[in-house]
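The points move from helix to helix and then to the overall fold.

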Amino acid sequence: MNGSEIPNHLRGRELGMNLKHLFYFWKTARSGGVVKAGEALHITPQTISGQIRLLEESLDTQLFSRDGRSLELTPAGRLAMEYADEMFTLGAELEQALRH
């Protein structure tokens, strides 16, 4: 597909999801919580939590079940992680391919 070919289902609309929000969600799930993700990314846990909430609002679904300080992926969160893993793996592969 070249740059001018836009899939029909995407024509005339923007993605509701922000990739930065998705990355913060992915990093939080991989790190085991917002504090560890914040430390790894050098941003506050409050910032990460806010970005994840924006992602959940844009997708109109809850990705984590929250019990006090504990986070657990919901079924939707597990599905989102599968896609995020693939997206960020492909992104890293693209970056690697373009540098060589």
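1. I begin with helix α4 of this predicted model, in which G77, A80, M81 and A84 are buried. The helix covers residues 75-99, which gives it 25 residues, and it reaches 37 Å from its first C-alpha to its last, close to the 36 Å expected at 1.5 Å a residue. The buried residues of α4 pack against α1 (19-31) and against β2 (70-73).

2. G77 is buried because its relative accessible area is 0%, and buried is taken as under 20%. Leaving aside neighbours within four places in sequence, G77 is in contact with F25, Q62 and L63. G77 and A29 lie 48 residues apart in sequence, and their C-alpha atoms are 9.0 Å apart in space.

3. The partner helix α1 has 13 residues and reaches 18 Å from its first C-alpha to its last, which is close to the 18 Å expected at 1.5 Å a residue. Its buried residues are H21, L22, Y24, F25, W26 and T28. These buried residues of α1 pack against a list of elements that takes in α2, α3, β1 (64-67), β2 and α4.

4. How do α1 and α4 meet, and at what angle do they pack? The two helices pack at an angle of about 110 degrees, with their axes 10 Å apart, and they are therefore roughly perpendicular to each other. On the α1 side the contact involves L19, L22, F23, F25, W26, A29 and R30, which meet G77, A80, M81, A84, D85, M87 and F88 in α4.

5. The packing of α1 with helix α2 (residues 34-41) can be described in the same terms: the angle is about 115 degrees and the axes are 8 Å apart. That angle makes α1 roughly perpendicular to α2, and the crossing of the two helices is right-handed. The contact is made by F23, Y24, K27, T28 and S31 of α1 together with V34, K36, A37, A40 and L41 of α2.

6. Aromatic residues deserve a separate point, as a search of the whole structure finds 5 aromatic pairs. In one of them, the rings of F23 and W26 have their centres 5.7 Å apart and their planes at 35 degrees, so the pair is tilted. Both residues lie in helix α1, 3 residues apart, which is about one turn of the helix. F23 counts as partly exposed because its relative accessible area is 27%, whereas W26, at 19% relative accessibility, counts as buried.

7. W26 also takes part in a pair with F88: the ring centres are 5.1 Å apart and the planes stand at 50 degrees, so this pair is tilted. The pair links distant parts of the chain, with W26 in helix α1 and F88 in helix α4, 62 residues apart. F88 counts as partly exposed because its relative accessibility is 23%. Ring pairs link F23, Y24, W26 and F88 into a cluster.

8. Not counting residues up to four places away in sequence, Q51 touches H21 and Y24, and both H21 and Y24 are among the buried residues of α1.

9. Turning to the chain as a whole, the secondary structure comes to 4 helices and 2 strands, and along the sequence these follow the pattern α-α-α-β-β-α. Buried residues make up 22% of the 100 residues in the protein chain.

Methods. Residues numbered from 1 in each chain as written. Predicted model: local features only at pLDDT ≥ 70, side-chain atom pairs only at ≥ 80, totals over all residues. Heavy atoms only, no water. Expected span 1.5 Å × (residues − 1). Buried < 20%, exposed > 50% of the residue type's maximum accessible area, 1.4 Å probe, protein only. Contact = heavy atoms within 4.5 Å. Phe/Tyr/Trp six-rings, centres within 6.5 Å; stacked < 30°, edge-to-face > 60°. Axes fitted to C-alpha atoms, helices over the stretch in contact; angles between N-to-C directions. Parallel < 35°, antiparallel > 145°, perpendicular 65-115°, else oblique. Left-handed = near helix turned anticlockwise from the far one by under 90°.
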